[in-house]
Each structure stands twice: as C-alpha cells, then as structure tokens.
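Work through the exercises below with the sequence and the structure in view. Try each task before reading its solution.

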There are 2 protein chains.
Amino acid sequence: MGPLIDDLRAFLGARLLTSEAARAQHAENEAWYPPALPDAVARPATTEEVAQILRACRAHKVPVVAQGARTSLEGHHLATRGGIAIDMTGMDRVLAIHAEDLDVVVQPGVTREALNRDLRATGLFFPIDPGANATLGGMAATRASGTAAVRYGTMREAVLALEVVQADGQIIRTGTRARKSSTGYDLTHLFVGSEGTLGIITELTLRLHGQPEAQSAAICRFDTVENAVDTVTTTIQMGLPMARIELVDDAMVRGFNLSSDAGLVESPHLFIEFHGTEAGVAETAATFGEIAAEHGGHDFTWSTLPEERARLWSMRHGAHYAMRALRPGARSISTDVCVPISALAEAVSTARHEGDKLGLVQVIVGHVGDGNFHCGILVDPEDRAEIDRAHAFAKTLSDLALRLGGTISGEHGIGLGKRSKMRAEHGPAIETMRAIKRALDPEDILNPGKLLPDD
Amino acid sequence: MGPLIDDLRAFLGARLLTSEAARAQHAENEAWYPPALPDAVARPATTEEVAQILRACRAHKVPVVAQGARTSLEGHHLATRGGIAIDMTGMDRVLAIHAEDLDVVVQPGVTREALNRDLRATGLFFPIDPGANATLGGMAATRASGTAAVRYGTMREAVLALEVVQADGQIIRTGTRARKSSTGYDLTHLFVGSEGTLGIITELTLRLHGQPEAQSAAICRFDTVENAVDTVTTTIQMGLPMARIELVDDAMVRGFNLSSDAGLVESPHLFIEFHGTEAGVAETAATFGEIAAEHGGHDFTWSTLPEERARLWSMRHGAHYAMRALRPGARSISTDVCVPISALAEAVSTARHEGDKLGLVQVIVGHVGDGNFHCGILVDPEDRAEIDRAHAFAKTLSDLALRLGGTISGEHGIGLGKRSKMRAEHGPAIETMRAIKRALDPEDILNPGKLLPDD
C-alpha cells in the first residue's frame with residue numbers, strides 16, 4: 001500500500017487523507033453493516049485526478065470505491081477490502097443549467113437539495129427524492145428513486161448523459177443532451193445502477209421538470225392497510241396522475257407520534273401529493289377523494305399551503321429515524337421489494353402476517369404507487385436469534401416478490417446485503433453481468449465484492 | 001455451409017428455407033442498401049429453437065441476423081456476410097395481457113398494429129409508433145420511437161423486461177414486471193437498441209397506457225419553417241402536454257398533395273395531437289392555439305373526430321412514400337439527427353440552407369417535440385455526384401447535431417449506414433462498446449458488421 005500512497009500523494013498532496021479519523025469517517029454507514037476502513041481517502045477535484053487515481057490503483061492492483069454522502073442502506077460505499085475511498089463530495093459544482101432544454105450538467109458531489117436550491121430561480125426542479133440528501137453521483141450509481149418516482153420516474157429516467165472514468169483511467173462520455181438517441185449500446189443505463197463496479201461517474205446531465213403551477217398535499221386515514229392499498233391500486237389502475245402516494249402503516253404512525261408529536265390517529269395512512277394546473281389538481285384530488293371514500297378512507301383533506309406540504313414530507317423522510325422510537329436501542333433492517341401493482345395487496349398482507357408470526361417489531365412504509373414498499377424491522381442488536389428471524393423474513397419477502405413477478409430491490413440496490421439473492425432474481429443473466437464486469441474491469445479493482453454474488 | 005444447413009434442417013424441417021425466392025425476399029430493405037442474400041432463412045417457432053439455431057451457427061462460426069418486418073431504414077437486418085437470417089415473424093403470439101398492471105407479454109414477431117388490435121377491448125394501448133407496422137422485437141432491437149415519443153417515450157421507456165438468446169444459445173431473462181428495480185446491471189436497456197449484435201430477443205414485456213378519455217387532432221399552417229419550429233420550442237419549454245407534434249415543411253406538403261390529393265396549402269405545417277380528459281384537451285388546445293398565433297400560425301383547427309385523426313396520421317405515416325411523388329424514379333436518403341430543443345431552430349434552418357446550397361431536392365419532416373427531424377433527400381440513383389452531395393450533406397448535419405449537443409440518430413439507428421460516424425459521437429466509448437460486444441459474442445456471429453465501426 002505504501003508505494004501507492006506515495007504515488008497518490010504526489011499529485012493529491014493534502015487531499016490524500018490517511019489519518020485514523022478520516023479513514024474512520026469514511027468507514028461508516030446508515031445501515032447495520034460493520035464499519036470498513038479504507039487504507040486512505042482521496043479527495044479529487046477534477047475528472048483527470050479521478051483518472052490518475054484509477055490508473056495508480058490499477059497499477060498497484062488496489063481496490064477503489066467512490067463515496068458520496070454515504071447514505072446508502074446497503075453498504076455500497078464501504079471499503080470492505082480496504083484500498084482507496086474516493087470522496088467525491090469535493091466535486092460539487094453545477095456546471096451548466098440549460099433552462100430552455102430542461103436539463104442540467106452537474107458534478108457528482110452535488111446533492112439533490114443543493115441542486116434544487118440552485119434551480120429555484122429558474123422555475124425548474126429536479127424531482128428524484130430518495131429522502132436522504134444524497135449526492136447525485138451516488139443516486140445515479142445506485143439507481144435511486146423515492147417518493148416522486150410514481151410521477152417522474154427514477155434515476156433511470158433522470159440521467160441523460162454521463163462522464164465516467166473507467167478502471168484503466170480512460171474517460172468516456174455516454175449519451176447526449178438530446179431527448180432520445182438510437183446510436184449504439186446504451187452505456188448510460190449500464191452505468192446507472194452499476195454501484196461503482198464498472199466505472200466512476202464524474203459528471204451527470206440530468207433531466208429537469210417545470211415546477212407545477214399548483215401543488216397540493218393530502219393525507220387520508222384508513223382502518224386497515226388493505227383498504228389503503230386497495231385505494232392505491234385503484235388510483236394507479238385508473239391512471240390518476242399522482243405526484244406522490246405513500247403508505248405508512250399504524251406502527252409507523254405511532255413512530256411519528258412518539259418521535260415528533262405528529263398527533264395522528266394511529267391507523268394506516270396515505271400521504272399524497274398532486275402536481276398540475278390549479279384546475280387539474282382540484283379535479284384529481286376530487287377523484288382521489290371519491291376512490292378513497294369507496295375504500296373506507298376517513299378525513300381526506302388536501303391543502304396547497306407550502307408549509308403543510310413541507311411538514312408532511314419532512315415527517316415522511318424522517319421515517320428511517322422515527323421508527324426507532326418504537327424500540328429504543330434497536331437497529332433497523334429494511335426490506336425493499338417491488339411488485340406489479342396488482343400484487344401489492346398480497347405482498348403487503350403477507351409481509352404483515354409473516355412479520356407477526358415471527359414476533360418481529362416492524363413498520364411498513366412504501367412508495368406504493370410503484371408497487372414498492374419497505375418493512376423496517378427493529379431488532380435487538382444483541383439478539384442473534386431475532387436477527388436471524390428478521391433475515392429469514394426478508395428472504396421470505398424476496399421470494400414472494402419474485403413469485404409475484406417483482407424484484408428483490410426497488411430502490412436500495414444490492415451493495416453488500418442482497419448479493420446472495422441476485423441469482424434467484426436473475427438466473428443465468430448473472431453470468432452475462434459477470435462477463436460485462438470482467439470486460440470493463442478485468443482486475444476487479446472497482447468496488448469489488450459488491451452487487452454480483454460470489455463465483 | 002452445407003453441414004450447418006443439415007444441422008438446422010434436422011430440427012426445423014420445412015421451416016428452414018433455402019430457395020432462391022425465400023432468400024431474395026429476406027435480402028430486401030426499405031432504404032437504398034444493396035440486397036444481401038442470406039444462405040438460408042430459419043423460421044423458428046419457439047425460444048428453444050432460436051437457441052438451437054444459435055448453438056449450431058456458433059459451432060460452425062456462421063453469422064446470424066434476426067429479421068422482423070424488415071422496415072429498417074438503415075439495413076439492420078441485411079445478411080451482408082451471408083449466413084442465416086432468422087425470420088421471427090412466426091413467433092407472433094400475445095402471451096399475456098396484464099390489464100390491471102398496464103403491461104403485456106409478447107413474442108417478438110407481434111407487430112405494433114396487431115398488438116393494438118388485441119388490446120382494443122381492454123381500454124389500453126401501446127403508444128410507440130414509428131409509422132411502419134414494425135414487429136415489436138425489431139422495434140426493441142433498434143430502440144424505435146416515432147410520432148408519440150414526445151408524450152410516451154421510446155422503446156427505451158416501453159420495454160420492462162426481455163427474454164434474450166445469447167450467442168452461445170444461453171437463454172436469459174432481464175428485468176421484471178415491477179415498475180422499477182435497482183438490482184444489478186440494466187441488461188434490458190443494454191439489449192434495447194443493440195441491433196441484434198448482443199443477443200436475439202425472443203420475448204418482451206411492454207408497458208401499456210390507458211386510452212385517454214379524449215383525443216384530439218389538430219393542424220396548423222405557418223408561413224415559414226422557422227415560425228413552426230419556434231412554436232414547437234415554446235410549447236415544449238412551457239411543458240404543454242403534447243401527445244404528438246410533427247413538422248412537415250412545404251415540400252413535404254406538396255408531396256402529400258401530389259400523392260394523395262391532400263388539398264393542403266403548400267406551406268409548412270404542424271400536425272398535432274392532444275391526449276387527456278375532455279377538459280384537459282380543450283385547455284391544452286386553447287393554450288397551444290395562442291402560442292401558434294403568436295408565432296404567425298394560421299387556421300389552427302382541432303377535432304375529436306376519430307376519422308379525422310386517422311386521416312391525418314395515415315398521411316403523416318405515408319411521408320416516406322409520398323415524398324417520392326416530388327421526383328418520380330428517385331431514391332430517398334434519410335437523415336435522422338436529434339438535438340436539444342433550444343438548438344432545433346438552428347439545426348432545421350441549417351438543413352434547409354445547406355440542402356439548397358447543394359441543389360438537393362429534399363423534404364423536412366420531424367418529431368420536433370423531441371428535437372428529432374428527418375431530411376428526406378431525393379436523389380437520382382444513376383447520378384453518383386448527386387449521391388455524393390447528399391452524403392456530404394448528411395455528414396454536415398451529423399457534425400452540426402454533435403456540435404449542438406445532440407445525436408447522429410434519434411430513432412433510425414446505426415445499422416450499416418452510420419457506422420463510420422459512430423466514433424464522432426462516442427469517442428473512446430466505442431472501445432467500451434467493443435469490449436461488451438467481445439464479452440457477449442466472442443466469435444462475432446451476431447449480426448456482424450453492424451452498429452460498431454470497423455476496427
């Protein structure tokens with residue numbers, strides 16, 4: 001490692017960090033994975049520096065992993081085999097706002113909130129919202145989505161073009177600023193979601209949207225989760241243009257009440273948002289209100305007050321922390337299945353039933369308009385048997401999602417945690433993925449041990 | 001070739017065609033590429049038969065190219081190196097309609113019109129509409145789009161999942177029926193647009209849309225192409241929800257008048273469609289009418305009569321043939337650049353100016369809501385100098401599109417015709433594509449000589 005450190009220090013100077021504190025800071029994660037110390041942390045300022053780092057790491061056959069805001073829930077950014085962590089947060093400039101084309105060019109260390117602050121005056125916004133204030137590079141690398149995907153899609157739809165540094169230090173550009181193209185292999189989509197295992201994203205061109213003329217937030221209470229889910233299914237099948245439609249079950253509402261005095265009735269709720277013209281929002285909200293009422297919804301109210309919207313989504317985004325109020329000292333394990341909308345009711349019911357059977361403390365929250373929901377299971381970190389039950393539960397849910405035509409991860413990705421389940425979803429296509437990985441990173445230096453299962 | 005033919009006949013029987021007539025039929029194309037005779041035509045009925053064909057071709061190192069409706073304008077399906085043409089049109093079953101999930105599972109030989117006939121009773125439709133009644137397998141392989149892409153996206157957005165037979169005969173599945181996923185490399189998007197060079201698509205799961213409550217067609221006349229384009233740019237930048245917005249220039253209108261007595265004033269027109277609720281369509285049409293009027297639009301009229309819509313789009317879809325009326329006996333060469341919307345006016349103006357300067361007979365038609373337009377250049381097939389001028393013109397346009405941040409092909413693909421321009425668009429990313437091709441088809445048997453430039 002010493003010779004590599006010397007090579008890197010030669011051009012990074014003080015932006016190569018080897019202190020215990022810096023390494024420890026870059027070893028942490030939001031989930032329950034053990035910390036993983038990189039041997040050093042590099043803080044590049046330019047694409048060319050990223051390329052130099054990769055050339056050096058390749059020459060020394062040392063692993064390298066890019067890090068953004070480190071908000072991954074699957075340990076994507078952990079340097080589990082040591083090596084160099086490249087902290088991309090210093091590359092945080094918005095390079096060009098093309099308001100007339102509804103796109104923006106950014107460096108990977110820009111966070112989604114910072115981007116939206118910069119866009120405020122333009123009347124445009126970037127809608128992909130995974131909750132955490134993640135970096136856009138990290139969001140692209142993990143194909144993030146979140147609450148607004150039902151209307152605006154995920155990072156899959158949001159990324160128009162990329163600049164990527166490959167394992168050998170070659171800098172390439174994928175895609176263009178044109179809305180569509182049919183010229184060759186879709187490398188943009190190959191890198192989006194590749195979790196840093198095929199290349200390191202150093203620039204992104206992202207699709208923007210016009211701020212809607214009217215936005216309204218709404219909340220609706222149900223007696224049962226099943227009624228709430230049926231409301232969602234009907235809404236989506238009717239093609240009602242929802243901007244967000246989120247399920248929180250009674251346990252999650254209790255978490256909100258405990259952690260932030262939300263003052264909600266402790267039963268399942270839908271949190272909703274509508275975007276459109278004044279007339280369109282009113283029409284959609286009215287139709288939604290009728291659907292909800294038919295499925296036993298109570299107290300459906302909507303509001304166009306920005307502060308009420310902000311309060312609602314701030315509460316929803318705090319779910320990951322609020323759930324911990326239900327069992328202080330516990331750690332959370334989060335599932336992330338996504339199923340066709342017709343199978344959502346069965347999937348959610350099974351999740352509740354199986355969780356109860358195993359005696360697990362859990363909340364259910366979900367981007368249910370996409371068929372995506374999370375079970376947050378609160379486990380005693382000292383209770384091995386309980387942790388095993390939680391993992392067995394997660395496995396049951398993954399198997400169920402596959403049986404229903406869905407996927408084991410709607411948005412959190414594979415990282416470390418779901419590698420062993422990849423074959424169940426992809427079968428022999430795993431070998432296709434492996435062939436691509438070998439072709440683009442023959443030395444396996446790019447985030448090794450992530451995404452693909454062991455041989 | 002003889003031993004391979006024997007191997008294939010053993011399991012295909014009469015569905016292996018070696019007659020001159022069958023080979024000649026599969027040697028033709030809609031563009032000006034010379035016919036290319038395959039050595040034999042295979043008509044598989046099942047995925048397993050496609051796999052058997054590929055295993056046999058690989059063992060004998062013989063090229064293989066899949067064919068659908070053969071409506072490609074870039075010679076994608078031509079067996080330029082001989083070998084086996086796999087005619088997929090026999091695999092033409094709609095396997096499952098999941099109306100409640102807005103998706104459908106089809107074999108690759110189903111055409112888009114046949115699919116929409118099957119869907120009629122469901123209230124759903126498949127919106128991707130390249131004009132030709134292409135097969136869905138071919139449309140996915142070439143990342144087709146067409147007139148409705150401004151609203152519904154292209155095959156990139158339409159394909160949820162694929163079954164693919166790889167070069168070694170391995171059958172894989174990519175994607176799921178869930179709306180989103182973050183599990184591993186996005187192989188679905190890698191195969192969409194890969195033009196048969198990475199695998200052969202044997203099944204597709206496609207996203208459907210609800211038939212809009214109201215549809216209206218409209219037509220608007222302008223004095224200049226620039227005014228028409230400025231109308232489009234303003235419309236798109238305002239985020240008006242257009243279902244189609246197509247430019248036809250004065251020459252194209254003359255072609256429609258000559259070929260089908262269209263009776264239109266011979267000046268540039270926009271052909272438009274709105275989808276939505278009754279109220280929404282009326283509101284959008286009114287707003288569009290105002291924008292058009294501000295840019296000198298004349299006689300803007302809209303109608304919800306189905307027969308008027310059908311007549312309008314049938315005329316537009318006939319453009320490829322109608323333009324020939326302008327110069328009987330000529331062949332057409334079609335360009336296909338796509339640029340950011342802010343650059344559309346400059347691109348279209350330059351196209352007209354450069355075409356005139358070179359003395360070319362051309363029409364301009366375009367899916368201008370996406371920034372995509374075609375120059376149809378009518379050349380005397382005996383006049384080498386004129387053909388050279390047309391190609392020089394196409395090169396000028398491609399260079400311009402790249403300079404403006406666009407792409408050399410919005411929807412027709414690369415095939416044979418644009419391979420030499422690939423490096424100008426993709427630079428060193430060509431080597432990334434080549435590495436993927438080598439990894440997935442090491443013997444180069446899958447549609448060799450297409451998409452990628454020569455080494």
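**Exercise 1.** Find how strand 14 of chain A is joined to strand 12 and to strand 13 of chain A.

Solution. Step 1: strand 12 (residues 214–221) of chain A runs antiparallel to strand 14 of chain A, and 8 bridges join them. Strands here are DSSP runs (E, at least two residues), numbered from the N terminus, and two strands pair if DSSP finds at least two bridges between them. Step 2: A:Ile219 has A:Phe271 of strand 14 as its bridge partner. Step 3: strand 13 (residues 244–248) of chain A is also antiparallel to strand 14, with 5 bridges. Here A:Val248 is the bridge partner of A:His269.

The model is predicted: local features need pLDDT of at least 70, side-chain atom pairs pLDDT 80 or more, while totals for chains, interfaces and linings use all residues. Residues are numbered from 1 along each chain as its sequence is written, chains are lettered from A and ligands numbered from 1 in the order written, and side-chain values use heavy atoms, without hydrogens and water.

**Exercise 2.** Is strand 14 of chain A buried or exposed?

Solution. Step 1: buried means under 20% relative accessible area, exposed over 50%, partly exposed in between (1.4 Å probe, protein chains only). Step 2: A:His269, A:Phe271, A:Glu273 and A:His275 point one way, A:Leu270, A:Ile272, A:Phe274 and A:Gly276 the other, and all are buried. Step 3: since 8 of its 8 residues (269–276) are buried, the strand is largely enclosed by the rest of the structure.

Definitions and conventions. Helices (H or I, at least four residues) and strands (E, at least two) are DSSP runs, numbered from the N terminus.
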